[in-house]
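Morning, everyone. Have a look at the model on the screen while I talk you through a few of its contacts.

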Amino acid sequence: MPKRDKGAPPRASPPHTPPPGTESEAEAEEGADEAAASGAEMGTYKCCIFFTRRFAIGDTTTPEDVRTLFSRYSGGSPYMGPDDLRRYLANWGGAGGEVAEQLVDRVLQDRSRTPRFGRPALTVDDFMHFLFSEDLNPPLRHSKVHQDMNAPLSHYFIYTGHNSYLTGNQLSSDCSDVPIIKALQLGVRVIELDIWPNSSKDDIDVLHGRTLTAPVSLIKCLRSIKEYAFVASPYPVIITLEDHLTPDLQAKVAKMVLEVFGEMLYYPESKHLQEFPSPEALKGRVMLSTKPPKEYLEAKGGTIKDRENEPQFKKGEKEEAAWGVEVPDIQDEMQVADRQNEDDISFRERGLEDDNEQKACNHVAPEYKHLITIKAGKPKGALVDALKNDPDKVRRLSLSEQELAKVASNHGPNIVSFTHRNMLRIYPKGTRFNSSNYNPFLGWVHGAQMVAFNIQGHGRALWLMHGFFQANGGCGYVQKPDFLMQTCPDGKVFDPKADLPVKATLKVKVYMGEGWHKDFKQTHFDTYSPPDFYVKVGIAGVPLDSVMRKTKAVEDNWVPVWEEEFAFPLTVPEIAVLRVEVHEQDVSEDDFGGQTALPVEELRPGICAVPLFDHKGHKFNNVKLLMRFEFT
C-alpha cells in the first residue's frame, strides 16, 4: 500500500473517535510509561490535533542464517568458545584465528557481560553483536596495503583530483587550501593547481582562470600540501600544475617549490624518463607534472552541443538532484561521442591558446622545467595519433571525458596499449559548472591511471570513486589487473568492447538495517509515522556487469528486515564496485537514507556489517546494514 504524502495529515475519523491505531494524549502518556517500564523504546507521532500514534522502535532481531551458523560452529551448544570462533573465521576469511580470544573478550566487554564460570564464550546474541559490528567484522578483507607496490607508476590507478583548490562550483566559488587538505585526508594522491600571475604580476595565485573564483596564494597551497601529504598514505603525491605564467614567474615557482618541499621533492637527473619509478621507491616524496594551458578554456562556456548533451531529468527523477543523477552507462557515452563531429571535438576540447600564452609556453624557465618529473604532452592532429608509444621516453597525456569517449568508441585497444607504459589523465568536460562528475569506469576500463574528479562535489559518480579507492588499504594507489597490462603473442591487448565470459557470480543478501533512529530526528522521513525503507544494491563496472536491483519497502519500521538475496554475474570482477543505497519510500519523492560503494575484489565472504555514508561521503555514526557476500 503506498505511503501517504508526508505533507498531508492523516484522514480523521468521525468526531471524538480516535482513528485506528491512535489514542488520546493521556492514553499515549500512560502507554509510554508502560513501554518504558518494559524496556521497549517507543516513538510517538502526532495525528490530527487530539490524537497520537505510537510505534515501537524495534529491536535488532537475529536472522535465521545467523542462528544456523552459530549452531554449526558451536556444535549445537548454546555457547561459542574462542576455538569455535576461530574455525568460523578460518572458513569465512575473517580475522586471523590468533585474535579469536581477543574478539570474544571484546564482544563480552561491549555487551557488559561477565564470562560464564570464568570461561569466555559467546551466546547467539553475542555472536550477532560480533557480526553486526563494523569495527569487529568489517565488509572488506584488507585494512592495510597488500598489493605489490614496486611496479612503475603506470601500473596503478591513482586517486586523482580535478581543480583541487575549488570549494564549490567551477565559476564562482572561492579558491582555498581547505579542499586540498580534505582531499589529502581522504587519500587523494594527485592534486591539481591552476597557477596564474596575481593582480600586480609579481607573484603567483591559484584560481580557475577567466571565472569569478576568488584566488588563493600558491605558497599557502604548497605549504598545506607539505603538511597533509602523507597523513592518509605514505605513497607519493603528484602535483599537476596548469601553468599560465611568464618565464620569470615560472622561475619563482621553482624557487618556491624547492624551499617548501626540500628533500621531499623528487625530480630525475635525466631529461626524459624511460620508465616511471614505483610508488614504493617514491614513498614520502612529492612530484610535479605540467601540461600546456588548454583545459581552462572549456570553462569559458563550451558550445551549444555541450549543453545539448548534458543529462536531462526525466519525470520522477527530480529528487535525484539532491544526491546526483544515475551514473551513465559508458557504452551510451561512447555512442553519443561517436555521433559527434571529430573536428568539433578537437576544437572544443583541446582549446586554442591566446597568442601571448602560446609564446609563453615556448619559453619555459630552465630551472622550472628541470623539476618536472611527469611531462605532459599535448595531442596534435588526430586523437589516435596521440596514443602512439615512444620507446625512448614515457609521458602523460590529458584527455577530456568526451575526447576519451570519442577515441574509445573505435580505438579502445590503442588506449589500453598506451597506458602500459605512459600515463593517461581524464578530466571532466568544461560544462560541469556545478562540479559534477562522470562515470569513472570509462577511464579505468581503458587503463587510465588518473581519472580526475571534482572531489569537492558529491553524487553517485563520486561515491564510486571513493569506494573504488578503499581497495589496497585506502592508500590511493590500486594496482591495475593483469589483463590491462598484458600483450598477447599476436600483439593484441585487452579490448573493452569485446564480449567476455562470466568469471564469477557475486551473491548478495541484505538482511536488515539499523541506526537511523539514532542519527536522524524522529520526523525526518515522515511527520506521522516511522519510515518505509528499501535498499538498492547493484554493480558498477563494465557495461555487461552494471546493474541495480531493489528490495521491497518495509513499512513503518526504524529497524527494517528485508532478508532478500540477489545474484550478479561478473565478467570483469577485478575492477567492479558494489553499490548500496537506502531510500525511504514516499508518494511525493523518496528520501535518501544512506549509501556506500565497495570494491568487489576485496569483499569479505560471509555475513558482515556494512556502514553507510551520507550524500557527501561522511560516515553516519550508527546507520549500517547486515549483509552477506558469497562468490560462486
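Predicted model: local features only at pLDDT ≥ 70, side-chain atom pairs only at ≥ 80, totals over all residues.

Residues are numbered from 1 along each chain as its sequence is written, and side-chain values use heavy atoms, with hydrogens and water left out.

Okay, helices. Two packed helices are described by the angle between their axes and the distance between the axes. The axes here are lines fitted to C-alpha atoms, for helices over the stretch in contact, and the angles run from 0 to 180 degrees between N-to-C directions. Helices (H or I, at least four residues) and strands (E, at least two) are DSSP runs, numbered from the N terminus.

Start with α3, residues 82–91, and α4, residues 100–110: their axes come within 8 Å and cross at roughly 115°. So α3 and α4 are roughly perpendicular to each other; that label covers 65 to 115 degrees, with under 35 being roughly parallel, over 145 roughly antiparallel and the rest oblique. Which residues meet here? On the α3 side we have Pro82, Leu85, Arg86 and Leu89, and they meet Ala100, Glu101, Leu103 and Val104 in α4. Contact, by the way, means heavy atoms within 4.5 Å. By class, this contact of α3 with α4 has six nonpolar, no polar and two charged residues. For those classes, Ala, Val, Leu, Ile, Met, Phe, Trp, Tyr, Cys and Pro count as nonpolar, Asp, Glu, Lys and Arg as charged, and the others, Gly among them, as polar.

Ile180, Ile181, Leu184 and Gln185 of α6 make the contact with Cys221, Ser224, Ile225 and Tyr228 of α7. The class tally for α6 with α7 is six nonpolar, two polar and no charged residues.

On to charges. How many salt bridges are there? The count comes to 20, taking a salt bridge as a side-chain nitrogen of Lys or Arg within 4 Å of a carboxyl oxygen of Asp or Glu.

One of them joins aspartate 203 and lysine 252, at 3.9 Å, N to O. Aspartate 203 is in the loop between β5 (190–197) and β6 (204–206) and lysine 252 is in helix α8 (residues 247–261), so the pair ties together parts 49 residues apart in sequence. Aspartate 203 is partly exposed at 29% relative accessibility, and so is lysine 252, at 35%. The cut-offs: buried is under 20% relative accessible area, exposed is over 50%, and partly exposed is in between (1.4 Å probe, protein chains only).

Last one: arginine 628 and glutamate 565, with the closest N and O atoms 2.9 Å apart. Arginine 628 sits in strand β22 (residues 619–631) and glutamate 565 in strand β18, so parts that are 63 residues apart in sequence get tied together. Is arginine 628 buried or exposed? It's buried, with a relative accessible area of 16%, whereas glutamate 565 is partly exposed at 41%.
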